[in-house]
Amino acid sequence: MGASISLDYITHRFSAAAKPTLKDIENRIEPGELVALIGRSGCGKSTLLHMMAGLLIPSDGCVRINNHLVTKPSAKWNMMFQKASLYPWMNVKENAALGLLFDGMPKAKAGERVDTLLDMVGLHDKKEVNVQSLSGGQQQRVALARSLATEPEVLLLDEPFSALDAFTRTQLQEEVPNICRERGITMVIVTHDIDEAIAMADRVLIMSQNPGRIVGELTVDLPWPRRHMDAGFQSMRDELMQQFKGTDTGLAGRNGADTEESEVSESAA
Ligand SMILES: Nc1ncnc2c1ncn2[C@@H]1O[C@H](COP(=O)(O)OP(=O)(O)OP(=O)(O)O)[C@@H](O)[C@H]1O
């Protein structure tokens, strides 16, 4: 079952003299909710996600997961990055089982659990293969199986599909929310891509920059699975783009529309 995430008045400076990167971030994510965090490059999305993962402690305020103060990483709140970071000398199954083995699970039991997960992520015929022989998309599937193996309450995704081809990306944008919804996992994804946010999230949080704040949000009440060409999807995309422009007028005025399009994209994947 998923966990709630409370972002309690978070402000962060990377050094005492620096201006805050994040300021007065306040939000609550419900158990099992799927949330996307969008904003311009450098607004602090990854910084905030790292705080949820316990990889970084805010200067002020805190993150609470199920009311527990987050002070360090945990297998219960797993993070997936843009690059899969697999061990090249191990095969698929060994890589997927790593978190469980670190957690002290016996090898046979860990093997059984990842077997099922590798079937689920479409790698049933690759289990014994060395990860170096996999495509980028297949490697991300191994990373996904590894993240799910410890039965996390929260899955944190930092632009996990941005290096993948459009076809694989679209597949994973459908599969990952399905898995989270089936298992009740709370998901937070950081993305530049408005379509990705709409395809995957129940709710989109919009961030401004200098300092990074949550300045808007949109509930995505579309049925699953979501199709990019559906009228509802397209009107949600327009609404989100409008909200993004409306909440970021200072920057749009300085940098113009071109910057906006290049930093937060409406992909047609
Ligand atoms: N360890 C660090 N020390 C100092 N400044 C940092 C550090 N990490 C990030 N920053 C700065 O904090 C700001 C926010 O960075 P962050 O990576 O969170 O943004 P982002 O919104 O995820 O960007 P992108 O979309 O380009 O990945 C940036 O200005 C960045 O340079």
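Helices (H or I, at least four residues) and strands (E, at least two) are DSSP runs, numbered from the N terminus. Residues are numbered from 1 along each chain as its sequence is written. The model is predicted: local features need pLDDT of at least 70 and side-chain atom pairs count only at pLDDT 80 or more, while totals for chains, interfaces and linings use all residues.

In the unreviewed UniProt entry, residues 5-234 are listed as "domain: ABC transporter"; UniProt positions are given in the numbering used here, feature names are shortened, and annotations may be inferred rather than shown by experiment.

The ipTM of the model is 0.97 and the pTM is 0.89. Mean pLDDT (the predictor's confidence in each residue, from 0 to 100) is 89 for the chain, and 91% of the residues score at least 70. Over residues 249-262, pLDDT stays under 50, and the model has seven contacts beyond four places in sequence for this stretch. Two residues are in contact if their C-beta atoms, placed from the backbone, lie within 7 Å.

The chain is divided into domain 1 (1-76 + 153-269) and domain 2 (81-151), with bounds that come from an automatic or database domain assignment. A distance of 26 Å separates the C-alpha centres of domain 1 and domain 2. Domain 1 gives 14 residues to the contact and domain 2 gives 11 residues. On the side of domain 1 that touches domain 2, the elements giving two or more residues are strand E7 (154-158) and helix H5 (166-183). H5 supplies the largest share of that side, four residues. By class, the side of domain 1 that touches domain 2 comprises nine nonpolar, two polar and three charged residues. Here Ala, Val, Leu, Ile, Met, Phe, Trp, Tyr, Cys and Pro count as nonpolar, Asp, Glu, Lys and Arg as charged, and the others, Gly among them, as polar.

Strand E6 (residues 77-80) is covered on both faces, with Trp77 and Met79 buried on one side and Asn78 and Met80 buried on the other. A residue is buried if 20 or more other C-beta atoms lie within 10 Å of its own, exposed if 12 or fewer, and partly exposed in between, with C-beta atoms placed from the backbone. E6 pairs with E7 in the parallel sense over four bridges, where pairing requires that DSSP finds at least two bridges between two strands. Met80 has Leu157 in E7 as its bridge partner.

An open sheet of four strands, paired antiparallel, runs in the order E2-E1-E4-E5. Strand E2 (22-29) and strand E5 (68-69) are its edge strands, each pairing on one side only. Five antiparallel bridges join strand E1 (residues 5-12) to strand E4 (residues 60-65), and Thr11 stands opposite Asp60 in E4.

Helix H1 (residues 45-52) is largely enclosed by the rest of the structure, because seven of its eight residues are buried. The buried residues of H1 are Lys45, Thr47, Leu48, Leu49, His50, Met51 and Met52. Gly54, which follows H1, has a positive phi near 80°.

Helix H2 (residues 92-102) is likewise largely enclosed by the rest of the structure, because eight of its 11 residues are buried. Buried residues in H2 include Val92, Lys93, Glu94 and Leu100. The buried residues of H2 pack against helix H3 (107-120) and helix H4 (136-149).
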